[in-house]
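Dear colleague,

Please read the notes with the model open beside them.

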Amino acid sequence: MSAEKPQITLVIDGIEVEAEEGAMLVDAAKGGDIEIPVFCYEPKLGGPVGACRMCLVEIEGIPKLQTGCSTAVRDGMVVYTRTDRVIESQNAIVEFLLVNHPLDCPVCDKGGECPLQDISMGWGPGRSRFSEPKRHFQKPVALSPLVRIDRERCIMCYRCVRFSQDVAEDEQLQLLERGAQSFVGTFDERPYIAPFAGNIIDLCPVGALTSEAYRFRARPWDIEDSGSICTLCPSQCNVMFTVRDERVQRVFPRDNDDVDNGWLCDKGRFGFQMIASGERITEPTVSGAKVGWEAALDAAAERLRAAGERTAVIVGGQASNEEGYLAQRIARRALGSPHVGAVDELSPAPLHALSAPELGAAVADIDHADSILVVGVDPLHAMPVLDLRLRKAVRHGDTRLVVASDRPTALDGGAEVTARYEPGEAAELLEALERQLTRPPANPGTPGREAEDVPGIGSAGREAEEVPGGDSGAESIAGELRPGATVIVYGERVGRGTGGEAALHALAGCARALRCDADRAGLIGVPDGANGRGLREVGCLSGAGPGFEEAAAGRDLAEIRDGLRAGDVDALILVQADPVRDLPDGPAWAQALRQARAVIAISCFEDASTAAADIVLPAEMYAEKEGTLTHPDGRLQRLRPSVPRPGDVRPVWQALTELSARLDHETGIDSASEALEAIAAEVPFYAGVTADEIGGRGVRWQERQAAAACPPAAEARGERRAAAADSGRPENGSGGGALRLGTYRDLWAAEATERNPAIRFLAPAQRVELAPADGARLGLGDGDQVEVRSNGTSVRARVALHERIRPGAAFMIEGTATENANALAGAETVEIERIAPAPGAPGRSDRSDAEPAGS
């Protein structure tokens, strides 16, 4: 970590204040409980700009007034914030801002929580001398389907533009026109659609930017704010729920620099509407008929008792640690079944090695890393707020970013090196990188090479060639990484499929070679599900119980599916899991669920998996839950209930304990806190953790004394793939129209997108991304409708040609509501054939389902 800056002493308004050397005067003043008013200043946006001039102060020895937001403190400095000169200046600034600002506070959504109101009352003159007509704009204008802009209220603080330009780096917002006619907008009035666009609503210090979903829904004196965690993706952002009349009306970030830097993606911000959806499951059903809880639990226990050890359990990524722990406990202890898994399935041996506490990096370590390696993941889609963190590290420091992936990512433009491997070939690249990193240097005294010294790599962002099957790409990557100061961010998807276990072993080898057990270094794995890490650590893993303790090996997810179809598995418990949509080979899962003797689903909504369930139990939404989650960096965080549960919905932990009791296994657990105690008693590295210790900021288990009790990973490296294993694979899609298929999870390809009216327009239609060379070879153009086939299964999609796609590869989206690419998962290659449009149907120019901006 960077060295702490020395403390200095200064005097503000006669009060001695201690502050960090180099801190901005506005921040230092808070240490003496002194407020200097600001509009444009926001530390999250980067360096100060001094645009609004509201923070002018008087400093001894300097004749002119200085901006407190951009003046660094020094030892012995004497500052005055309430002299006649300062007050006159503040009054003038407020009066000037109100020249064109409409006095419509009673009907403004910002009224009651508006910094302009507060500052006008505290630092304004209380009157205006301006009597001329004010400037007028059309109001309000839809800046996007999610954000309205009232340009008459804008005070030109630049916060929203700076966020777009410098933080999200989507560069869509800008200042248009000049002088008094300046206004915030986008080029050609295009809608501002981007994954983080909603953050400008929070940044706006006036009522110029408002939420379409919250406009005129409530006033500040009608609401209560309740803190919890968003579970819609692995970012696990800390949020505040604005509640009125026991319904969530708004979600905004609850600043936690260790997790999210105070930002929130639009899925988390606008994904709350489904909490009060009329489509929620609110009563248990048995064979489609609504029944009471007692009857439903009795029926479930009867079916499970009959199945016994031939029962399997699958837990979804949004389940809490307590729910996952109790579900696996029912399987292993009440039923004697080893068949336990989570949607984020990985091999336990290498996963255990990668989870070692000394190798774990905190999200905040990214800020101080000398180099960052991103492998097999596009954080923008998989863990959006992490994308902003990585951009910040590159933008504000000397961090060198390296990206290795099969599909282009949103981070490629800022990377020193980008390397492409074929879909499913992450292991080959990682093994080559491990060889490079463990190879003795030719000159031990020479530090790692700069990008300019690597043959074929000149400026940032140019691709390393011939990565698959060779060491050139790995050599270029190795030259950028700094041992003892590298953070590796990897997508856990690299550990799946053929060669997945070898990829994880190689990744662990790279971590050891890069000395990732040092400060400012380590690993962060990105799962598909929000609580993928926590569920594995509490025992939702085949062959490993709570705390990675060795357990009887059970079936993996594919074997559970096949067992249901063959009659070898009699019953299946789904805990907030939808295997038809989320797991490979969805059609086979649908068939397996239909053929199963008993399926018990715990779910918030009806879906393709609950449609085949005999018994359906209603589940809580994340705003209603009490429990804990484990962040991908190991931080335990608390879920707190903010609104009551609708209908006859019970806590899932309670339903599981009552079901366990009916199976003659008493848990002795009567509350969520007692479930956490049971977890802490069984997971050695969670030992002694309590809800109070976790608190509102969370606690990383790697930083607790109990981390020393984490059992060591097995020494065995596992079998590496033989080189001949790839001998039957076509190279670069050779052989007619065959292409290597890769699938990925789009940020918006999720149930949350479809269940929330505000963001439903962002749900992507299926597309197949191709290199232009492959499009030309196959006679396909951008927007063509095609059929993608493999092994008798086909999915329809639109063609999207991208220059940065590796020739010979095709990429499709998993998890779409229709034409889901998981139907083709497991296929080595696919054939693509254009579908002739029906007479009168739109052809290639129809772009209605093109990728939304910023996706």
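The expected span of a helix is taken as 1.5 Å times one less than its number of residues, and helices (H or I, at least four residues) and strands (E, at least two) are DSSP runs, numbered from the N terminus. This is a predicted model, in which local features need pLDDT of at least 70 and side-chain atom pairs count only at pLDDT 80 or more, while totals for chains, interfaces and linings use all residues. Residues are numbered from 1 along each chain as its sequence is written, and side-chain values use heavy atoms, with hydrogens and water left out.

At 1.5 Å a residue, the 14 residues of H8 should span 20 Å, and the end C-alpha atoms of H8, which are 19 Å apart, agree with that. Just after H8, glycine 336 takes a positive phi of about 70 degrees.

The axes of H8 (residues 321–334) and H19 (residues 652–662) come within 9 Å and cross at roughly 15 degrees, where axes are lines fitted to C-alpha atoms, for helices over the stretch in contact, and angles run from 0 to 180 degrees between N-to-C directions. That makes H8 roughly parallel to H19, given that angles under 35 degrees count as roughly parallel, over 145 as roughly antiparallel, 65 to 115 as roughly perpendicular and the rest as oblique. On the H8 side the contact (heavy atoms within 4.5 Å) is made by Glu323, Leu326, Ala327 and Ile330, and on the H19 side by Val652, Trp653, Leu656, Thr657, Leu659 and Ser660.

Helices H16 (residues 557–566) and H18 (residues 586–595) pack with their axes 8 Å apart, at an angle of about 45 degrees, and are therefore oblique to each other. In this pair, Leu557, Ile560, Arg561, Leu564 and Arg565 of H16 meet Ala588, Trp589, Gln591, Ala592, Leu593 and Gln595 of H18.

Helix H11 (residues 384–396) has 13 residues and reaches 19 Å from its first C-alpha to its last, close to the 18 Å expected. Its buried residues include Asp387, Arg389 and Arg391, and what covers the buried residues of H11 includes helix H4 (159–167), strand S18 (371–375) and strand S22 (486–491).

Notes:
Buried means under 20% relative accessible area, exposed over 50%, partly exposed in between (1.4 Å probe, protein chains only).
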